[in-house]
Amino acid sequence: MKILMVLTSHDELGNTGKKTGFWLEEFAAPYYAFTDAGVEVTLASPKGGQPPLDPKSDEPGSQTEQTRRFHGDKETQAVLAATVRLDSVSQDAFDAVFYPGGHGPLWDLANDKNSIALIEQTLQAGKPVALVCHAPGVLRDVKSADGEPLVKGKKVTGFTNTEEEGVGLTNVVPFLVEDVLKQNGGIYSRGDDWQSYAVQDGLLITGQNPGSSVETAKLLMTQLSN
């Protein structure tokens, strides 16, 4: 079984002068869930090479069992440092696609024509796509076969407005994940802030926040085993 994980290449946190990127737990937890199950994982990003790590996700308070495992895992660190370019991959080589979040994807993957096409083509081929935390925001411009927004009429979740407010970035991000999912007609639901919450609607799987990474990955693995 083969899963493609797509990470951001964007490292500037708006006009704050601070750095952003992908959120470590949202990469590490699914990555190990997949590889421990014997799945072959390929990592891709728009620019290829080392994707930028959100420094906030590497602070002591953000560490989990999986992030600590990553820090002691030179092999996975080397794999992460050598992501392939997103424009070099095709959905037909994989059984599923997974998007970790972090704030970075709101700036690059949400607008990336290769990412948009990848999601559309994966779903049209009858394969699942899973996205966690801010990553559901990359569905903003993705369309269904009928030309309507992909999320229209579908059950979805993603980083909540109150969680964004909690990290003080409501006025920094280019758009709010919760708002854009609702505006595109998604049937948005959520759990409590910072608690694990994930939903599935057919082949589309979304998770709310970093703590939802494991649950989102499990839903994807269950879908693949059916």
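Where does Trp194 lie? Trp194 lies in the loop between strand 7 (187–188) and strand 8 (198–201). Helices here are DSSP runs of H or I with at least four residues, strands are runs of E with at least two, and both are numbered from the N terminus.

A word on the source. This is a predicted model, in which local features need pLDDT of at least 70 and side-chain atom pairs count only at pLDDT 80 or more, while totals for chains, interfaces and linings use all residues. Residues are numbered from 1 along each chain as its sequence is written, and side-chain values use heavy atoms, with hydrogens and water left out.

Returning to Trp194, its phi is near 70°, a positive value in a residue other than glycine. Trp194 is partly exposed, because its relative accessible area is 43%; the classes are buried under 20%, exposed over 50% and partly exposed in between, with a 1.4 Å probe and protein chains only.

Cys133 also has a phi near 70°, again a positive value in a residue other than glycine. Cys133 is placed in the loop between strand 5 (129–132) and strand 6 (155–156). Is Cys133 buried or exposed? Cys133 counts as buried, because its relative accessibility is 2%.

With a relative accessible area of 18%, Asn184 is buried. Asn184 touches Leu139, Arg140, Pro149, Val151 and Lys152, leaving out residues up to four places away in sequence; contact means heavy atoms within 4.5 Å. Asn184 and Trp194 are 10 residues apart along the chain, and their C-alpha atoms are separated by 24 Å.

Ile205 is found in strand 9 (residues 204–207) and counts as buried, because its relative accessibility is 0%. Setting aside neighbours within four places in sequence, the contacts of Ile205 include Val129, Ala130, Leu131, Leu219 and Leu220.

Tyr31 has its place in helix 1. At 8% relative accessibility, Tyr31 counts as buried. Not counting residues up to four places away in sequence, Tyr31 touches Met5, Val41, Leu43, Thr76 and Val79.

I turn now to the helix pair. Two packed helices are described by the angle between their axes and the distance between the axes. How do helix 1 and helix 7 compare with that description, and at what angle do they cross? The axes of helix 1 (residues 24–36) and helix 7 (residues 213–225) come within 9 Å and cross at roughly 35°. These axes are lines fitted to C-alpha atoms over the stretch in contact, and angles run from 0 to 180 degrees between N-to-C directions. On the helix 1 side, Glu25, Glu26, Ala29, Pro30, Ala33 and Phe34 meet Ser213, Val214, Ala217, Leu220 and Met221 in helix 7. The residues of this contact divide into 8 nonpolar, 1 polar and 2 charged. Ala, Val, Leu, Ile, Met, Phe, Trp, Tyr, Cys and Pro count as nonpolar, Asp, Glu, Lys and Arg as charged, and the others, Gly among them, as polar.Finally, the pocket: the lining of the largest pocket has 9 nonpolar, 9 polar and 7 charged residues.
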